[in-house]
Amino acid sequence: MIGIIVQARMSSTRLPGKVLLPINGVPMLEIQLKRLTQTKVVDKVVVATSNEALDSPIETLCQKLNIECYRGDLNDVLARFYHCAKTFNFSHIVRICGDCPLIDPVLIDQIVSTHITSNTDYTSNCVTRCFPDGQDVEVFSFNALETAYEKAKKPSEREHVTPFIRDSNLFSLEDFTIVQDYSAFRTSVDHQQDFDVISAIYNHFNGQSFGYKEIVHYLTTHPKVNALNADIELNEGYKLSLQQDKKQGF
């Protein structure tokens, strides 16, 4: 069974509660989940949040939308993913972050299909960056996830799920790329400026179906919107985790 696991929490330090911030009255996570359920090759969508009381509203939203919700460790997200995948008997896992509300379901299908065809342990479009930030899709086998769960030690590996799979040289990797370079565009949400950009994009399409190409076209033709978050550094959270690695002697 192929399952999407969405990691989501309320305790973001840069924009607290961001996953439930409303766009036209609709929580950002709800917008994302409705897009994810449009995928064609995925069997199930699950939200993996923490067992902290602060994250109970996420479970409440999932119940409203008839989406399964797994609750686990707040900081050891790798363990949360492993136990979630094991609970639902996923053979392949698609990792999606809750701060990527406008993820393209067609792109997910393309990357999952590539992963299955190539028969690799891990396939993604975010090692070689050519897609907009916020269109990140990672697909990996349960066996690779289980090995990472058992062997990963660094804080960065436990918090961000896939670094051990990518960097340990134990697994076969597939890089999903395109000729165009859209990596300068940012459609993930870490700051208020990001949320303002996402809101502008979502409101522009006003219920129409749209993917990453339409998003890029919108941002290209609306430079003032694109400029709102253009100076924000990529992967801030992961870089902080790497600092924790050094502090702990890794």
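Okay, some housekeeping. Because the model is predicted, local features need pLDDT of at least 70 and side-chain atom pairs count only at pLDDT 80 or more, while totals for chains, interfaces and linings use all residues. Residues are numbered from 1 along each chain as its sequence is written, and side-chain values use heavy atoms, with hydrogens and water left out.

Let's start with the sheet. Seven strands make an open sheet with mixed pairing, and the order is S5-S4-S1-S6-S8-S7-S9. Strands here are DSSP E runs of at least two residues, helices are H or I runs of at least four, and both are numbered from the N terminus. Two strands pair if DSSP finds at least two bridges between them. At the edges sit S5 (68-72) and S9 (173-175), each pairing on one side only.

Zooming in, S7 (residues 122-124) and S8 (residues 138-141) pair in the antiparallel sense over three bridges. Ser124 stands opposite Glu138 in S8.

Now, the cores. A nonpolar core is a set of buried Ala, Val, Leu, Ile, Met, Phe, Trp, Tyr and Cys residues joined through side-chain atoms within 4.5 Å. Buried means under 20% relative accessible area, exposed over 50%, and partly exposed in between, using a 1.4 Å probe and protein chains only. The largest core has 49 residues, and those touching the most other members are Ile4, Val6, Leu36, Val94, Ile96, Ile108 and Ile201. Among the elements giving two or more residues to this core are S1 (2-7), H1 and H8. Apart from it lies another core, of 25 residues, including Tyr122 and Phe140.

So what does Ile4 touch? Leaving aside neighbours within four places in sequence, its contacts (heavy atoms within 4.5 Å) include Leu36, Val94, Ile96 and Ile108. Helix H1 (residues 28-36) is mostly covered, with eight of its nine residues buried. Among those are Glu30, Gln32 and Arg35.

Last stop: Asp194, in helix H8 (residues 192-205).
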